[in-house]
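Biologist: I would like to go through the salt bridges here. Please show me the structure first.

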Amino acid sequence: MNASDAMFLPDVQSHTDSRNLALQRVGIKDLSIPVQIEGADGIVQSSIAKVDMFVALPAELKGTHMSRFIEVLQLNQQALSITRMQSLMQETLTRLEAQEGRIEFRMPFFVKKKAPVSGVESLMDYQLSLRAECLKNHIRVTQKIVVPVTSLCPCSKKISAYGAHNQRSHITISAEVAATLAPEQLIAAAEKSASSEVYGILKRPDEKFVTEQAYDNPKFVEDLVRDVALAVKALPEVVAAQIEAENFEAIHNHSAYALIEFDKRHP
């Protein structure tokens, strides 16, 4: 086959489908790519992301062009941000000739933290997701972050002669945003609402500090989501949010869980 013959290869995906069933999502899933992420003060860091890209497929079409998703990513390698996710979604819809679609990047995000007493520095990793979705000609962007923290049980502290059980907890914030919002702002909202933060490295004076800090600041799982919700709601960039907290219980073989949602458009 020569180059001229290749120009006349059949485009099977564009054929008409007789079953008359529209697909809400079709595309690629779990593609690994290197990315750059824009953080606080415009500082950019590198990471590795898992990417999902989907578009809606009309009932009359047999398939979509899967290679075009990859082409969009290859041609657009700027640092990820809220505005970049919006434009990437629009470019995907244009390239795939679609009306609706969804893109999601999932990746570790790193923050350098100082231990509270010794000041020793270490990196903390957080799971960050950026998702853009277009429905009914409207693109919305959601930023999701999973923040590990420490929570100490108020009931255990109250009823015990000494000590109280505590555990590592995950606070998950999924925030729909209307403007650029650094991931560090959502991380801070979660960490400041917990009994204590979690650190990569702690020296003995630091361990004493965070242990006593947690003991002085007990939180039920219900307290966690309520306090985080207040902090996130105060961020002007956030339109709506869902906050989850899961305590990996130290004295039970199950987790404690709570969820709260708000939408500023519907107070």
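Modeller: A salt bridge is a side-chain nitrogen of Lys or Arg within 4 Å of a carboxyl oxygen of Asp or Glu. This is a predicted model, where local features need pLDDT of at least 70, side-chain atom pairs count only at pLDDT 80 or more, and totals for chains, interfaces and linings use all residues. Residues are numbered from 1 along each chain as its sequence is written, and side-chain values use heavy atoms, leaving out hydrogens and water.

Biologist: Which residue forms a salt bridge with arginine 265?

Modeller: The closest N and O atoms of the pair are 2.9 Å apart. That falls within the 4 Å limit. The partner is aspartate 263.

Biologist: Is aspartate 263 buried or partly exposed?

Modeller: Buried means under 20% relative accessible area, exposed over 50%, and partly exposed in between (1.4 Å probe, protein chains only). Aspartate 263 has 21%. So aspartate 263 is partly exposed.

Biologist: Which strand holds arginine 106, the salt-bridge partner of aspartate 52?

Modeller: Their closest N and O atoms are 2.8 Å apart. Strands (E, at least two residues) are DSSP runs, numbered from the N terminus. Aspartate 52 lies in strand 2 (residues 44-57), and the pair is 54 residues apart, linking distant parts of the chain. Arginine 106 sits in strand 3 (residues 101-114).

Biologist: Why does aspartate 52 count as buried?

Modeller: Buried residues fall under the 20% cut-off. Aspartate 52 is buried because its relative accessible area is 6%.

Biologist: How many salt bridges are there in the whole structure?

Modeller: Another one joins glutamate 104 and arginine 102 (3.5 Å, N to O). The search of the whole structure finds 16.

How values were computed:
Helices (H or I, at least four residues) and strands (E, at least two) are DSSP runs, numbered from the N terminus.
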